[in-house]
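Please look over the sequence and the structure shown here before reading on.

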Amino acid sequence: MNTIECSALTKRYGAARGVEDLSFGIEEGEIFGYLGPNGSGKTTTIRCLMGLLAPTSGQCRVLGAPVVPGKATRHARIGYLPGDFRIWPQYTARQSLRLMAALGSSNDTECRRNELADRLDLNLDRRVGALSKGNRQKVGVIYALQHRTDLLILDEPTIGLDPLISQIVLDLIREACESGATILLSSHDLAEVAAVCARAAILREGRLIELAPISQIVRQGERRLKIWFAKGSQVPALPADRLPGVRVISQDSDTLHIAYQGTAEAVLKWIAGFPIDRIATPQTSLQEAFMQYYERQAGP
Amino acid sequence: MSNERSPFPIPLLRFWVLRILPAWFFIGLVIFLFQIMICAMVHDDKRIEAWLKLLDMLPAIVKTSLGGDMLQAGNTSALIAIGYQHPLIMLLYMLFAVGVPATLLPGEIQKGTMELILARRVTKTQAYICAGFITVAGMFALVLVMFLGTVLGTSIYDFGPALRLYPFFKSAVIGGLLASAVGGIALLAAASFQRNIAVWLTVAYLVLNYFLAVFTEWWTRIKWLQPATIFHYVDGPRIFNESAWPLDDVAVLLSLLVVSTVAGAVIWSRRDLQL
C-alpha cells in the first residue's frame, strides 16, 4: 500500500494554475523527492496532502485515509515542515515547540527536541524573534521531527541553512527513513534530492513531467566529451547531418568540447577517423542535469 | 481508521487565552474602575446636578448618547447606568470584540502560524471554536466585571435601599449578549476576510449602528429605523422599569449571535486559507 497517493489531483486558484492532473504514489519507507522550480506547484500539492487546501478535483490519500480538507487527516502520524516556516517571534523556540507537541500525539517529545537541538546546534531558550533566518529554519526542522512519525512531509527543509547543517538535516532524514518513516522531500535542488532520495517526481508549471529513479533523471541529461586532437592536426567540423543531437560547447586549435544525448557510439565512430591525443568525459553536475532536463521538457 | 477524531485542542485554547489575557485584564480593569468612578460621581448630589446642567448646555445628542431623558437628578439607577453605555466603555468592548477574532483567526494566518496549528491534530472547526469561545466568553466575563464594579461601587458609596442591583444584573447580561453578538459578527468577518478588512468591516458596522441608534433616538423623524440597529435591543428604560426580562430583545440578540457565528464557521471551514 502506498503511504501517499495522489489521483488526478487538480488545484486551481480561480483562473490561476496550481497543479493539474497529478497522479503519483509514494511507497512505504521511501524517501521521495519532489522537484521543481519555485511556482511549479510543489507547495500546492503538499498543502492538498495536508488538507490545508481543498483540491478542485481529484483526491489524495495519506497513510491509507482519504484526505478531508481541514479535518487534520492522520496528522498525529505526520511530521510537516512548511516551505515558509514562521512561528511566534515573542516566544522562545522551546515554548512554541512545546505547544506544537501538545497539539500532536501524546508521546513525550522533550528528549527528542533536546537531542535535535544539540545536533542542529540551536539554543531553544532564545526568543524566536531574536534568531537568525537559518536558526529559525532549524526550529522548523525540529517542529517537523520532534514527533516520531510514520510520514514526514518536508517542503524545502534546508532552505537558509549552511552546508554543514544542511548535511545534518539530510542525515536526520535518512535516519527517519531507517526507522521506518516515509518521507516526501520537496526541493528545487536536485543535488539535495539525489543525496537522499531513490526516486523523484519533477513538476513543471503544475504538471508532472517525470517520475523516475534519480539515477535515470540524472542520466537523461546531456553527456559531454572533450577531445584533444594530435598536435598539428586540424580540429574537424562537426557533421550535423551524421550526428544529430550533438552540439559543440567550445572549440579551439586542438580541442573540441561537445555535448551529446544517448550513446556515444556515433560520436566515437566519427572521431575514430582522426588522429586523437586523448579523450575526457567531464561530469555533468546534478544542477546542470536538472536544468538540461527541464529545458528539454519545456521544449522550443 | 479514516475517521479518527482529533481531540479538542485544549492546549491551543489555553495558549490563545494566555495571549489575550493581558488585553482582557486591562480592558476589564478600566471598565471595573469606571463603574466605581461613576458611583462616586452619582453619590455626590451637588456634583451630579452640576454635571446634568453641563449636559443640558451641550448638544442634545450628547445627552441622548448617555441615556437621554432618564438622566435626571434623583434617578440614581439611570445615572449609574451611564457607566454601561458610555462611549469609552463601548469603545473598549468594541476593541475586544473586534480584536480577538481578528488576532486569532486571520492574525494567525498572516503570521504563518495557522498553517503550523492546522498541520497538527487540530481541525479548522476546532480552531474556529477556540476563537469563538474566547471571544464570547471574554465578552461575558467583561460584562460580569462591569457588574461587579457596580456592586462594589454601590457598596462603597451607599445609595440606600431604593437602589436595586437586579436591573443592573439584567442590563449586564443583555449587554453581554449584545457584546457577544458583536463578537459573532466580528468572527464572521474574521472567518471571511483578511485581518485588516475584517477589522474595518466590523468597526464600520458598529460605528454605523451606534450612530444610527443615537440619531434615531434624537431625531424622531427617523425613529422607524431604530429596530435596524443592534443597540435598539438593549432597552435601558425597559430593563430598569419592568421586572420581566425582555425576552423578545434577548431572542433577537441570541439569533444574531448564533446566525453570525454559524455562518462564520461554515465560511471558515469551506474557504481556502491564504496561508
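## Helix packing in chain A

In α2(A), the residues A:A93, A:L97 and A:M100 meet A:V139, A:I142 and A:Y143 of α4(A), where two residues are in contact if their C-beta atoms, placed from the backbone, lie within 7 Å. The residues of this contact of α2(A) with α4(A) divide into six nonpolar, no polar and no charged; here Ala, Val, Leu, Ile, Met, Phe, Trp, Tyr, Cys and Pro count as nonpolar, Asp, Glu, Lys and Arg as charged, and the others, Gly among them, as polar.

This is a predicted model, in which local features need pLDDT of at least 70 and side-chain atom pairs count only at pLDDT 80 or more, while totals for chains, interfaces and linings use all residues. Residues are numbered from 1 along each chain as its sequence is written, and chains are lettered from A and ligands numbered from 1 in the order in which they are written.

Helices (H or I, at least four residues) and strands (E, at least two) are DSSP runs, numbered from the N terminus. Helix α4 of chain A covers residues 133-145, and α2(A) packs with this helix at an angle of about 25°, with their axes 10 Å apart; axes are lines fitted to C-alpha atoms, for helices over the stretch in contact, and angles run from 0 to 180 degrees between N-to-C directions. The two helices α2(A) and α4(A) are therefore roughly parallel to each other, given that angles under 35 degrees count as roughly parallel, over 145 as roughly antiparallel, 65 to 115 as roughly perpendicular and the rest as oblique.

## Helix packing in chain B

In chain B, helix α1 (residues 10-43) and helix α6 (residues 87-104) pack at an angle of about 175°, with their axes 10 Å apart, and α1(B) and α6(B) are therefore roughly antiparallel to each other. Among the residues that make the contact are B:W16, B:W24 and B:F34 of α1(B) and B:L88, B:F96 and B:L104 of α6(B). By class, the contact of α1(B) with α6(B) has 15 nonpolar residues, one polar and no charged.

## Strands and domains of chain A

| Strand pair | Sense | Bridges |
|---|---|---|
| β1(A) (2-13) and β2(A) (16-27) | antiparallel | eight |
| β1(A) and β4(A) (57-62) | antiparallel | five |
| β11(A) (223-229) and β13(A) (255-260) | antiparallel | six |

An open sheet of four strands, with antiparallel pairing, has the order β12-β13-β11-β14 in chain A. Its edge strands, β12 (247-251) and β14 (276-280), each pair on one side only, and the twist averages 20° from one strand to the next.

The domain assignment divides chain A into domain 1 (2-218) and domain 2 (222-283), with bounds that come from an automatic or database domain assignment. The C-alpha centres of domain 1 and domain 2 of chain A lie 44 Å apart.

## Contact between the chains

In the contact between the chains, 24 residues of chain A meet 23 residues of chain B. On the side of chain A that touches chain B, β5 (65-66) and α2 (93-102) each supply at least two residues, and the largest share, three residues, comes from α2(A). By class, this side of chain A has 17 nonpolar, three polar and four charged residues.

Notes: Two strands pair if DSSP finds at least two bridges between them.
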